[in-house]
Amino acid sequence: MNRTESFDAVVVGAGPAGTATATALAQHGRRVLVLEREKFPRYHIGESLIPFTYHALDRLGMIPRLRKSSFPKKYSVQFVSPSGRASQPFYFFNRYDRETVAQTWQVLRSEFDQMMVENAREQGVDVREETEVTELLKDGDRYVGVRARSKDGREFTVHAPVTVDATGREAMAATRNAWRRGDPKLNKVAVWTYYDNALRDPGIDEGGTTVAFIPGKGWFWYIPQHNNRVSVGVVSDGKYLTRDGIKDPKTIFHREVKENRWIEEHLAQGTCCGEYWLTAEYTFRSQYCADDGLVLVGDAYGFLDPVFSSGLMLALKSGVLAADSIHAALTIGDTSAARFSGYATEMTESIENMRKLVYAFYDPNVSFKTVAEKFPSVADDLTDCLSGDVNKDFSRMFAAFSEFTEIPESLPYGAPRLKTASVA
Ligand SMILES: Cc1cc2nc3c(=O)[nH]c(=O)nc-3n(C[C@H](O)[C@H](O)[C@H](O)COP(=O)(O)OP(=O)(O)OC[C@H]3O[C@@H](n4cnc5c(N)ncnc54)[C@H](O)[C@@H]3O)c2cc1C
C-alpha cells in the first residue's frame, strides 16, 4: 500500500525558488517537505546575481555562506560594442551601500543550489533528492498535495494544505493546466558554453558581467566564474542565429564569436571546456499564480528573457513573498487562491517593470545611454530597475523611454485563479 505523509506545505523542486519558499516557511515554524527529482549538485544555467538579490539572500541566512564561498565578487556591468569598444564599467557602489547590496556574486549553480539546499536543511526543511513528483493531487477543485516516486521506484503520497510548484521552466502546474502564455515578442534563442583560462579583466573588474553586442541587438554574456572558468553565451532571434541553415549549436556559437572583437579576443587564449547548450524555450508567464491550495514560484510562475540577469532575483523574491503569504493563509486556515492576490500584485509589478526594459533593450532605436543623457532625472530609476529594485513607480522613466520606443502593455496574466461565486 502507498505510504501517505502530511506537512504544512509540500514544495516541488529544490531550485532557488523552491528552497527559498521552503526556508522562509520553516523560519515561520512551518513543517515543509521539498521533493527534488535530481541528485544535487546538478548543472543549471543562470549564474549572475544582481544587487537586489541581497535582501532575499539575507532573509534566508545565505550571506555568510556566500561570503565564505569562492564565487567571484561582482561589482559592475559593462557593455561592449560589436567593434570591441567597452563602456566604462557601471559600478553598483556608485549608488548602493558597498558592504551589502552593491557587491554581489557570479555563482556556479551546481554549488549555489547545493548551498541553498544545505541552508534549508539546517533550518529544518526536509529536502528529498532523487524523488520525482508525478502528479499534483486534487480533491474536487482544490489542490491537496502530490504523488511522488523515490529513486527505488516506491510511490508515496503527500498531503498538505498548500502545494508549491517550483519546477522551473518545466512549469508543472502551468503546463498541465494549459496556463502557459508566451510573450508576444520575447522569443529568443540562447547558445552557450564554458571556457577555461579565457582573458579576465584585472582587479575589481575581474568578476564583472560583460554584455557584448552582435549585429541586430543580439548579445553575448561573459560571466567570470571561480576556478578560472568563464560562462559565455549568445542570445538573439532564432532566425538570425540559424541563418544559412546552420543548426548545430557549436557552429552557431563560433560563427557569432567572430561578430564581436572583444569576445573573440577574450576567448582566444582560453580553451572550451564544456558542451554547447541551446535553449529556444523563452519568455512565458503562467496565466495564474495560484489556485486553491496551490502557489507557483520562480520560473514555474514566469520566465523572463535573461538579458538583465533578473531570474534568480525574481525566483528568490517570489519564494520569500509566497512563503509569507502561505504562512498568513495557514494561520487563518484559508489557503484559497484569493489569499495570494497581494503576492500576485507584487510579482507582476516586478516582472512587468523588468519586461518593459527588456523590450526597450531589444528595440534597435533605443540606447539606454541616449535616454539617460536626454533625461538625466531618470538615470537613477534606470539603475534601480536594472539592479532589481523593481517595486517602484517608474512611470517617469517609462514616459522618457516612450519618446524612443513603444512601451508594451502589461500582460493580463499572473493573478490567482478566483472562482466566480455560484449564483443560487
Ligand atoms: C540562457 C539563460 C541564461 C540565464 N542567465 C541568468 C543569469 O545570468 N542570472 C539569473 O539570475 N538568471 C539567469 N537565468 C534564469 C535562471 O536560470 C532561472 O530564473 C532560475 O534558475 C529559476 O530558479 P527556479 O528555482 O525557479 O527553477 P530551477 O532552478 O529550474 O529549479 C527547478 C527544480 O525543479 C526540479 N523539478 C522539475 N520538475 C520536477 C518534478 N516533477 N519533481 C521534482 N523536481 C522537479 C528540477 O530538477 C530543478 O532542480 C538564465 C536562464 C537562461 C535560460
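Reader: What is the order of the four strands in the open sheet?
Author: This is a predicted model. The order is β1-β11-β10-β9, with mixed pairing.

Reader: Which strands stand at the edges?
Author: β1 (3-6) and β9 do. Each has a single partner strand, so one side of each lacks a neighbour in the sheet.

Reader: And what does the twist average from one strand to the next?
Author: 25°.

Reader: Back to β9. How many bridges join β9 to β10?
Author: Eight, and β9 and β10 (residues 142-150) run antiparallel. Within that pairing, Leu-136 sits opposite Val-146 of β10.

Reader: Switching to helices. At what angle do α9 and α10 pack?
Author: About 165°, with the axes 10 Å apart. The cut-off for roughly antiparallel is over 145 degrees, so α9 and α10 count as roughly antiparallel. The crossing is right-handed.

Reader: Which residues make the contact?
Author: From α9 (residues 311-332), Leu-314, Lys-317, Ser-318, Leu-321, Ala-322 and Ser-325. From α10 (residues 341-362), Gly-342, Tyr-343, Glu-346, Met-347, Ser-350 and Ile-351.

Reader: How do the residues of that contact divide?
Author: Six nonpolar, four polar and two charged.

Reader: Now the ligand. How many residues surround the ligand?
Author: 33. The closest are Gly-15, Gly-46, Gly-168, Gly-298 and Gly-311.

Reader: Which elements each supply at least two residues of that shell?
Author: α1 (16-27), β9 (131-139) and α9. So β9, an edge strand, and α9, the partner of α10, both turn up again here.

Reader: And how does the shell divide?
Author: Into 14 nonpolar, 12 polar and seven charged residues.

Definitions and conventions: Residues are numbered from 1 along each chain as its sequence is written. This is a predicted model: local features need pLDDT of at least 70, side-chain atom pairs count only at pLDDT 80 or more; totals for chains, interfaces and linings use all residues. Axes are lines fitted to C-alpha atoms, for helices over the stretch in contact, and angles run from 0 to 180 degrees between N-to-C directions. Angles under 35 degrees count as roughly parallel, over 145 as roughly antiparallel, 65 to 115 as roughly perpendicular and the rest as oblique. A crossing is left-handed if the near helix is turned anticlockwise from the far one by less than a right angle, and right-handed if clockwise. Two residues are in contact if their C-beta atoms, placed from the backbone, lie within 7 Å. Ala, Val, Leu, Ile, Met, Phe, Trp, Tyr, Cys and Pro count as nonpolar, Asp, Glu, Lys and Arg as charged, and the others, Gly among them, as polar. A residue is near a molecule or strand if its C-beta atom, placed from the backbone, lies within 6 Å of it. Two strands pair if DSSP finds at least two bridges between them.
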